[in-house]
Amino acid sequence: MSRVKRQDLDHLVRLRRARDRMDRDYAEPLDVPSLARHALMSPGHFSRSFRAAFGETPYSYLMTRRIERAKALLRRGDLSVTEVCFAVGCTSLGSFSSRFTELIGETPSSYRTRSHDEGAAVPACLAKIYTRPVRNGRASPAARP
């Protein structure tokens, strides 16, 4: 393998490790500088490389993971919206609610209170695919499951 290809492969491996950390530690206080250190890159280079490799910024990817987990916690119904906000690693209820509404198309409160029985029989692996938040633009009510 040529040296350039090996460097590119090492670069992608480090980016995947950072992405895996976001998947695993989404509830921890993660920021671009700490993720960049984890990937052995400068923050600017990490952000540009992450977006080029995965099609979104590190912040957007992390918030999508947090919103996915928040949806599951809200469906359970035993936690308040505020408790869910902090459980998934968000520190601002306003920012959490705004991002949730932007991605899901309804507020966290209304999502929590409505019935989710229609998806109860769907295997979790399929439900995750079809209920994944829309990242680039607002979700329309018709797009929700």
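Me: Before I look at the fold, what does contact mean here, and what share of the contacts in the protein with a separation of 6 or more joins residues 24 or more positions apart?

Reply: Contact means that heavy atoms lie within 4.5 Å, and residues 24 or more positions apart account for 61% of the contacts in the protein with a separation of 6 or more. This is a predicted model, in which local features need pLDDT of at least 70 and side-chain atom pairs count only at pLDDT 80 or more, while totals for chains, interfaces and linings use all residues. Residues are numbered from 1 along each chain as its sequence is written, and side-chain values use heavy atoms, with hydrogens and water left out.

Me: How many helices and strands does the protein have?

Reply: Helices (H or I, at least four residues) and strands (E, at least two) are DSSP runs, numbered from the N terminus, and the protein has eight helices and zero strands.

Me: How should I read the length of helix α4?

Reply: The expected span of a helix is 1.5 Å times one less than its number of residues, so the 19 residues of α4 (residues 58-76) should span 27 Å, and this agrees with the 28 Å between its end C-alpha atoms. Just after α4, Gly77 takes a positive phi of about 80 degrees.

Me: Why is α4 described as largely enclosed by the rest of the structure?

Reply: Buried means under 20% relative accessible area, exposed over 50%, and partly exposed in between (1.4 Å probe, protein chains only). Because 14 of the 19 residues of α4 are buried, this helix is largely enclosed by the rest of the structure, and of the 145 residues of the protein, 32% count as buried.

Me: Which residues have the most contacts inside the largest nonpolar core?

Reply: In soluble globular proteins, nonpolar side chains tend to be buried together. A nonpolar core is a set of buried Ala, Val, Leu, Ile, Met, Phe, Trp, Tyr and Cys residues joined through side-chain atoms within 4.5 Å. The largest one has 29 residues, and those with the most contacts inside it are Met22, Phe46, Val84, Val88, Phe96 and Phe100. The largest share of this core, seven residues, comes from α4. Leaving out residues up to four places away in sequence, Phe96 touches Ile67, Ala70, Val81, Val84, Cys85, Val88, Cys90 and Pro108.
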